[in-house]
Amino acid sequence: MDAHRNAHAIVAVIGGGYGGSTLAKALEADAEAGVEVVLVDPKDAFVHAAGSLRALVRPDWAPNAFFPYDRLLTRGRVVRDRAASVDPRGVTLASGERVDADYVVVATGSAYPYPAKFDTDSSAEALARLRATHEELAGADHVLISGAGPVGLELAGEIRAVWPDKRITLVDPRDGLLPGFAPALRDDLARRLDELKVKVLLGVTLTEEPPAGPGRAGTFTVGTSDGGAVTADIWFRAHGGGVHGASSPGS
């Protein structure tokens, strides 16, 4: 995009996540570009998703993961809505409003199961849900995490940092931790998990989902594909991410 060639160009950025917010701020800060920035996102705040697992185990810290969009831009504007369609001349929103633009940037990001990401557009609702899940988690003796990738490992570490005595079990269908990563890192992770007394079942899947939804307390027993079983008091899903489209929840 050569915004310098159009002193009055309008740039519509769809999605206010890491990419969209960074671009919107950078365009606004470039006085020579002379563009008008319109950021489209249904949420009321930028969510620092990388801090969401810390927010779960430390609800007193959780507000630090949310940054209201009304303080993001000083000259541009933020439109709280979803993009229903995009064309070369702009964006049509779910409300029916039209945002005419010279350039459109689609930065709708990705989705991931809660608590790594949220399925609400309200930061107040997200915080309330985090506090409720924290209470459920605090009362659980044994935590089951389905998925031993980066998110599952981080979640296990955050839980262990706050509750040293909880039992934690990770289940993953892959035969090794983080395939594709450097062997030295994988070996170090395995050693650290052993030191933290986190049980890891690799090459194993659950034969069924626990009866209670993820993040909901309630003792259960589920079978595993190796013929075993796991009894726990709460579970979380740490797999199943996807890419958002223009009209998806994160757009």
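Me: How many bridges join strand β2 to β5?
Reply: Three bridges join β2 (residues 36–40) to β5, and the two strands run parallel. Strands are DSSP runs of E with at least two residues, helices are runs of H or I with at least four, and both are numbered from the N terminus. Two strands pair if DSSP finds at least two bridges between them.

Me: Before going on, what kind of model is this?
Reply: It is a predicted model: local features need pLDDT of at least 70, side-chain atom pairs count only at pLDDT 80 or more, and totals for chains, interfaces and linings use all residues. Residues are numbered from 1 along each chain as its sequence is written, and side-chain values use heavy atoms, with hydrogens and water left out.

Me: Back to β5. Which residue there is the bridge partner of L39?
Reply: V78 is the partner of L39.

Me: And what is the strand order in that sheet?
Reply: The order is β5-β2-β1-β9. The sheet is open, has four strands and pairs in parallel.

Me: Why is one side of β5 and of β9 left without a neighbour?
Reply: β5 (77–79) and β9 (103–106) stand at the edges with a single partner strand each, so one side of each has no neighbour in the sheet.

Me: How are neighbouring strands turned against each other?
Reply: By 20° on average, direction ignored. Axes are lines fitted to C-alpha atoms, for helices over the stretch in contact, and angles run from 0 to 180 degrees between N-to-C directions.

Me: Which strands does helix α1 touch?
Reply: Helix α1 (residues 18–29) packs on the sheet and touches β1 (10–14), β2 and β9. Its direction makes about 165° with that of β2. Contact means heavy atoms within 4.5 Å.

Me: Now the sheet with β11. What is its order?
Reply: β13-β12-β11-β16, an open sheet of four strands with parallel pairing. The edge strands are β13 (198–202) and β16 (234–237), each pairing on one side only.

Me: How many bridges link β11 and β16?
Reply: Four bridges join β11 (residues 142–146) to β16, and the strands run parallel. L144 stands opposite W235 in β16.

Me: Which strands does α4 lie across?
Reply: α4 lies across β11, β12 (167–172), β13 and β16. It runs at about 180° to β12.

Me: Switching to charges. How many salt bridges are there?
Reply: Ten. A salt bridge is a side-chain nitrogen of Lys or Arg within 4 Å of a carboxyl oxygen of Asp or Glu.

Me: Which residue does R54 pair with?
Reply: R54 forms a salt bridge with E158, and the closest N and O atoms are 2.7 Å apart. R54 lies in α2 (residues 52–57) and E158 in α4 (residues 150–162), so the pair ties together parts that are 104 residues apart in sequence.

Me: Which residues line the cavity?
Reply: K43, D44, A45, V47, F66, T120, D121, S122, S123 and A126. β3 (45–47) and α3 (123–138) are the elements that give two or more residues.

Me: And which residues line the second largest pocket?
Reply: Y18, S21, T22, F46, F67, P68, R71 and L72. The volume of this pocket is about 150 Å³. α1 gives the most to the lining, with three residues.

Me: What is phi of L178 near?
Reply: Near 45°, a positive value in a residue other than glycine. L178 is in the loop between β12 and α5 (183–195). Most residues other than glycine have a negative phi, and most peptide bonds are trans.

Terms used
On a 1 Å grid over the protein atoms alone, a cavity is a set of points where a 1.4 Å probe fits but cannot get out, and a pocket is an open set with protein on both sides within 12 Å along at least five of seven lines; lining residues have an atom within 4 Å of a point. Grid points are joined across faces, edges and corners, and a volume is the space filled by probe spheres set on the points.
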